[in-house]
Amino acid sequence: MPQLVLLRHGESIWNRDHIFTGWTDIDLSERGMAESKEAAHLLTEHGIRFDRCFTSVLKRAIRTLWIVLDEMDLMWLPVQQSWRLNERHYGALQGRNKDEVCKVAGEELFRQWRRSYSTRPPPLDDSDERYPGRERKYAVLRPDQIPRCESLQDTVARVLPYWHTHIEPQLTKGQNLLVVAHGNSLRGIVKYLDKIADDDILDLEIPTGRPLVYDFDAELSPIQSRYLEPKERNDSLARNSKT
């Protein structure tokens, strides 16, 4: 049966500095590069291999994938990139320190902007230099496809069509897949696979650099999912449970 690995990119520089990132194209921190290497080692240790890979068009996800494939000697695998796997667009919050935003907006509104399902943050104006329509990588998109801001609900609405047309068909063929993307685009996929209610998705956190593996049955329904752990730790936990 096919396997799916979901991997949030390693820690980015703005993750480290507690800055809203969204579609801003920020690279990995040193820790993020180390997390990516560790993810590759875990995947190797557990004997997991892929037939095809998917990622966003943001460099922190792309570089994470590069590091994983390099460490696993799998750089020859086919890779598909799509803007639909990008992080949620945080609008006018992008580039702002999270602690400072929380102080100004208050904890309740801050939590709504960060974690609610349908609340959007303040939008960007088209003239703002942060507006993605100014970037060459999005020149192929229609104006209505380019966000000024997004809620998680908006993010799910753009991710799932790509899931149904590009990722799911490959799983149906029995292929093992690696999807390297972002906290919120992956939350959308997990929400769909695990049938998580809108209100319950607020508390779901996907950590950086931790491979999340899904096993499926013949009908492509998830049988189980798990984060990979070092085998030595798993063996230790097994021993401790017997004592």
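**Entry 1: the β5 and β6 pair**

I looked up strand β5 (residues 212-216) and strand β6 (residues 222-227) and found that they pair in the antiparallel sense over 5 bridges. Two strands count as paired if DSSP finds at least two bridges between them. Strands are DSSP runs of E with at least two residues, helices are runs of H or I with at least four residues, and both are numbered from the N terminus. Across from Leu212 I found Tyr227 in β6. β5 and β6 form a hairpin with 5 residues between them. In that turn, Leu220 has a positive phi of about 65 degrees.

I noted what kind of model this is. It is predicted, so local features need pLDDT of at least 70 and side-chain atom pairs count only at pLDDT 80 or more, while totals for chains, interfaces and linings use all residues. Residues are numbered from 1 along each chain as its sequence is written, and side-chain values use heavy atoms, with hydrogens and water left out.

**Entry 2: strand β4**

Next I checked strand β4 (residues 177-181). Is β4 enclosed or open to the outside? I found 5 of its 5 residues buried, so β4 is largely enclosed by the rest of the structure. Buried means under 20% relative accessible area, exposed means over 50%, and partly exposed lies in between (1.4 Å probe, protein chains only). In a regular strand the side chains alternate between the two faces of the sheet. Leu177, Val179 and Ala181 lie on one side of β4, Leu178 and Val180 on the other, and all are buried.

I then looked for the partners of β4. β1 runs parallel to β4 and is joined to it by 5 bridges; Leu6 stands opposite Val179. Strand β2 (residues 52-55) also runs parallel to β4, with 4 bridges. Arg52 has Leu177 in β4 as its bridge partner.

**Entry 3: the largest pocket**

I looked up the largest pocket, which holds about 380 Å³ of space. On a 1 Å grid over the protein atoms alone, a pocket is an open set of points where a 1.4 Å probe fits, with protein on both sides within 12 Å along at least five of seven lines; lining residues have an atom within 4 Å of a point. Grid points are joined across faces, edges and corners, and the volume is the space filled by probe spheres set on the points.

I found 23 residues in the lining, and Arg8, Asn15, Lys98, Arg114 and Glu205 lie nearest the centre. Which helix gives the largest share of the lining? It is α7, with 3 residues. α1 (13-16), α5 (107-115) and α7 (183-194) each supply at least two lining residues. By type, the lining has 4 nonpolar, 9 polar and 10 charged residues. Here Ala, Val, Leu, Ile, Met, Phe, Trp, Tyr, Cys and Pro count as nonpolar, Asp, Glu, Lys and Arg as charged, and the others, Gly among them, as polar.

I followed up Arg114, which lies in helix α5. Arg114 is partly exposed, at 25% relative accessibility. Beyond four places in sequence, Arg114 touches Phe20, Arg88, Tyr90, Lys98 and Arg187, where contact means heavy atoms within 4.5 Å. Arg114 and Phe20 are 94 residues apart in sequence, with their C-alpha atoms 9.4 Å apart.

**Entry 4: salt bridges**

I searched the whole structure and found 17 salt bridges. A salt bridge is a side-chain nitrogen of Lys or Arg within 4 Å of a carboxyl oxygen of Asp or Glu. One of them joins Arg8 and Glu205, with the closest N and O atoms 3.4 Å apart. Arg8 is in strand β1 (residues 3-8) and Glu205 is in the loop between α7 and β5, so the pair ties together parts that are 197 residues apart in sequence. Arg8 is buried at 12% relative accessible area, whereas Glu205 is partly exposed at 42%.

Lys191 bridges to Asp198, with 2.7 Å between the closest N and O atoms. Shared partners join Arg8, Arg115 and Glu205 into one salt-bridge network. Arg158 forms a salt bridge with Glu150, also with the closest N and O atoms 2.7 Å apart, and both of these residues are buried.

**Entry 5: Trp23**

Last, I looked up Trp23, in the loop between α1 and α2 (30-45). Trp23 is buried, with a relative accessible area of 2%. Among its contacts beyond four places in sequence are Trp83, Gln94, Glu150 and Arg158. Trp23 and Gln94 are 71 residues apart along the chain, and their C-alpha atoms are separated by 8.0 Å.
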